[in-house]
Amino acid sequence: MYRECLQKIIGFDKWHLSNFKERTYALSTVNRINELIQDGKVSSGTVLEIGCGLGDIISSIQWQNKLGYDVDKRAILAARILHPGMRFQVGSFEEIRNKKISVLIALNFLHGIRNEDCRQYFSTLFKYNEVDMVVVDEVQSPPYSYAHDWESLLGDTGGYVLEYKSRGYRAWEYSRMKILYFYKDKRLVQKDGHEKEE
């Protein structure tokens, strides 16, 4: 009820009103990242979510240094109200600079972005930031506009390798969504921090 009132006042997209606890993929992502944190498999740095919406995923991560980005200023305003004390910024890939990111989460929006644009976004992100782990979703096209080959895209742009792929979750129409976890391939990085030339 509270979120419905906020939506009417602020005017963010009604899609965000879906119950977080009913979005199985989101709960699974939060649980897995929290388990990785508890097991000491997440290094120091920021846990950062691009496309955070109302901030339900990022605010549920058990990590002190976390930050949510979204291009919709209305969603960010609502996120700040719903999750006081959390840091949220209006923006996306292009605005993120000089950060040590332990986990980057980008879920449920990249299927609307062309492959070449995704490649450019991630390439720029990796150029200006240090990112240890990337979490993205894999969907089918159709019904979604684009189904990205994440192993190729993240491997080519940043030397990331697939570590884990979740089971499928029910998604739009008849399709399934899977959550993919990528780690920086340390074998491609020399001691001085520069990637080896192939």
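Reader: How much space lies in the largest pocket?

Author: In this predicted model, the largest pocket holds about 950 Å³ of space. Its lining comprises 37 residues, and Trp 15, Arg 23, Tyr 25, Leu 107 and Asn 108 lie nearest the centre.

Reader: What makes a residue part of the lining of a pocket?

Author: A lining residue has an atom within 4 Å of a point of the pocket. Helix H2 (24-38), strand S1 (46-50), helix H3 (56-60) and strand S7 (169-170) each supply at least two such residues. By class, the lining of the largest pocket divides into 16 nonpolar, 13 polar and 8 charged residues.

Reader: Why is Asn 98 called exposed?

Author: The relative accessible area of Asn 98 is 72%, and exposed means over 50%; therefore Asn 98 counts as exposed. Asn 98 is placed in the loop between strand S3 (87-90) and strand S4 (100-106), and its phi is near 55°, a positive value in a residue other than glycine.

Reader: Why is Glu 173 called exposed?

Author: Glu 173 has a relative accessible area of 51%, and the cut-off is over 50%, so Glu 173 is exposed. Glu 173 lies in the loop between S7 and strand S8 (176-184), with a positive phi near 55°.

Reader: What is the peptide bond from Pro 142 to Pro 143, cis or trans?

Author: That bond is cis, with omega near 10°. A cis peptide bond also joins Ser 141 and Pro 142, where omega is about -5°. Pro 142 is placed in the loop between strand S5 (130-138) and H6, and Pro 143 lies in the loop between S5 and H6.

Methods
Residues numbered from 1 in each chain as written. Predicted model: local features only at pLDDT ≥ 70, side-chain atom pairs only at ≥ 80, totals over all residues. Heavy atoms only, no water. 1 Å grid on protein atoms, 1.4 Å probe; cavity = no way out; pocket = protein on both sides within 12 Å on 5 of 7 lines; lining within 4 Å. Points joined across faces, edges and corners; volume = space filled by probe spheres on them. Helix = DSSP H or I, 4+ residues; strand = E, 2+ residues; numbered from the N terminus. Nonpolar A, V, L, I, M, F, W, Y, C, P; charged D, E, K, R; others polar. Buried < 20%, exposed > 50% of the residue type's maximum accessible area, 1.4 Å probe, protein only.
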